[in-house]
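Please look through the predicted model shown below, beginning with the place where its chains meet and then turning to the fold of one of them.

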Amino acid sequence: MKTITTEYFLHPGDEAAIQAIRKIPGFEKLLDYISKNSYEKVDLVQRTCCSLQLTENNAPKIIQMYARIGKAFGLEETPKVFLRRSYAMHNEVVGIHSPCILISSSVLASMNKEELETFLVADIAGFVAGHGTYAFIRRLISEFGGFLPVPREVLEIFLTAMNAWAKQRYYTYDRARMLYSDNYELVMRLIGFGEAPKEIMAKTDLDARIEQARSFSQMTGLQSSLKTASVLTKDKPWNAMRLAEMYNWVESGIYADIKEELQ
Amino acid sequence: MGTGIQLTLSNAPKVYAAFEHAKEVLDFDVPVDLYCYRAYDPAFQAYGTDRYFIGIPDSTIRMFTPTQWQFLFGQCITALKGKMTEMLSLANAIEYSTHFLPLETGKVLVAPLGQWKRKAQLTLDRGGLLACQDYDEVMRYLNWVSGVPARDLDSIDVYNRVEEIIQSTKEDKGIADTVGHVKNTVFSARNMSSRERFLELYNWYESGTYAKIVREHT
């Protein structure tokens with residue numbers, strides 16, 4: 001199979017959101033300022049000082065998973081991986097010049113091998129797509145914006161654009177997972193993984209979830225406005241939207257065409 | 001609906017049975033959708049005005065017993081029956097908006113709305129106890145909320161705990177504690193303290209009012 005490059009899995013919304021961020025006046029200057037002033041190094045120490053680095057010695061299976069995924073996505077060397085204690089069911093790729101992966105302990109504790117390897121695809125896909133830069137800047141503005149030499153109003157513009165991108169990236173990750181695993185049921189199961197205990201998820205019909213997603217996406221009027229407004233400041237999209245997006249991508253035949261091209 | 005997993009009789013029979021039981025006891029025959037979502041919160045949340053939902057953090061399904069689920073469902077049904085969800089949403093929205101919008105009116109409303117929210121919790125606790133009718137289980141739940149590890153809940157004497165709380169309210173702690181208590185309970189605390197909840201439920205139970213209500217409706 002050919003290398004899975006960004007052109008195959010980068011969601012148009014993700015790409016558009018990144019372009020929108022880069023067009024904000026002052027973005028390049030901000031990036032330059034951040035790069036030159038060691039914020040990344042400080043952040044890396046803060047994020048990893050309490051975290052265990054996963055290596056071939058202490059977590060060979062996980063590192064091998066990343067190596068396999070990396071190979072499929074054209075990476076010769078995978079980023080450093082750190083484990084953090086978290087109830088969240090998502091990992092992070094952070095950093096501009098030296099991105100690293102932060103795995104949530106809940107992800108490792110909850111998934112079997114097949115689920116985990118497919119789940120981890122998002123980390124490599126994010127790394128390849130350069131998401132570390134935007135994730136890092138978003139976090140920097142959210143938590144330390146007051147220290148940056150940028151007016152608050154301008155920071156709000158950046159943050160709004162960053163939040164919009166942060167939601168779009170999940171559609172990219174879902175596509176990357178699908179291309180790597182070729183397992184529709186598994187990828188759909190990973191969307192919203194952990195929202196309910198395993199025994200409940202096991203009895204939850206995929207068709208019922210897709211129907212729920214359909215009803216959700218068809219909301220109109222005030223409900224639709226509330227649906228949009230309530231995630232403006234969030235960094236994750238609705239699971240229902242992700243389910244609907246993946247369903248449409250596969251049903252439309254686009255996925256099948258891409259898969260054929262990659263063979 | 002956008003994030004959670006809908007719970008039904010087929011995928012969550014025990015949880016759904018607890019919900020149906022609470023509905024029956026509190027005589028609430030209106031359709032409500034249940035959604036489970038990932039969160040480490042200790043309580044369910046009721047939403048809706050013309051269409052009702054209950055949000056259930058996944059941690060509560062793992063940590064609590066079916067009787068305690070009935071208590072939590074009872075709280076939600078009490079909120080829905082009393083049309084409290086609109087007020088709770090408004091209180092939360094005003095509180096949130098004062099962080100970043102110059103709404104001076106909102107800031108003036110925050111304190112009284114916060115007070116109402118905290119007092120409303122006491123009503124919800126009563127409704128929850130009536131739904132499950134197991135005082136010990138409810139007290140164990142409140143012990144968990146106040147920090148007792150789950151594995152130690154069965155070894156704690158709930159009545160002793162209430163005695164300790166009553167005793168501590170009689171001790172004179174000085175002006176600093178009084179000011180701190182007033183500040184936390186009147187101005188800034190978003191939730192009623194578990195101590196207040198313990199005391200209130202204990203007094204209601206011990207006064208015989210709870211037993212009278214149960215007798216009258218059995």
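In this predicted model, the contact between the two chains draws on 22 residues from chain B and 22 residues from chain A. The size of an interface is often given as the accessible area lost when the parts come together; between chain B and chain A the buried area is about 1800 Å², with carbon and sulfur atoms giving 57% of that area. On the chain B side, Met1(B), Ile5(B) and Arg38(B) supply 39% of the area that chain B buries against chain A, which is more than any other three residues.

As for specific interactions, the count of salt bridges between chain B and chain A is zero, whereas twelve residue pairs are in polar contact across the two chains, counting pairs in which both residues have pLDDT 80 or more. Strand E1 (5-7), strand E2 (32-37) and helix H2 (58-63) of chain B each supply at least two residues of the side that touches chain A, and H2(B) gives the most, with four residues. Sorted by class, that side of chain B has twelve nonpolar, seven polar and three charged residues.

Turning to the fold of chain A, one finds 15 helices and four strands. The radius of gyration of chain A is 19 Å, close to the 18 Å that the globule rule gives for 263 residues, and therefore chain A is as compact as a globular protein of that length. The C-alpha trace of chain A spans about 55 × 50 × 40 Å along its principal axes, and 52% of the 263 residues of chain A count as buried. Among contacts in chain A between residues at least 6 apart in sequence, 72% join residues at least 24 apart.

Technical notes
Residues are numbered from 1 along each chain as its sequence is written. Chains are lettered from A and ligands numbered from 1 in the order in which they are written. This is a predicted model: local features need pLDDT of at least 70, side-chain atom pairs count only at pLDDT 80 or more; totals for chains, interfaces and linings use all residues. Side-chain values use heavy atoms; hydrogens and water are left out. Contact means heavy atoms within 4.5 Å. Buried area is the accessible area (1.4 Å probe) that two parts lose on being put together, summed over both. A salt bridge is a side-chain nitrogen of Lys or Arg within 4 Å of a carboxyl oxygen of Asp or Glu. A polar contact is a pair of N or O atoms within 3.5 Å; within protein, one must be able to donate a hydrogen and the other to accept it, and residues adjacent in sequence count only if both atoms are side-chain atoms. Ala, Val, Leu, Ile, Met, Phe, Trp, Tyr, Cys and Pro count as nonpolar, Asp, Glu, Lys and Arg as charged, and the others, Gly among them, as polar. The radius of gyration is taken over C-alpha atoms; the globule rule is 2.2 Å times the number of residues to the power 0.38. Buried means under 20% relative accessible area, exposed over 50%, partly exposed in between (1.4 Å probe, protein chains only).
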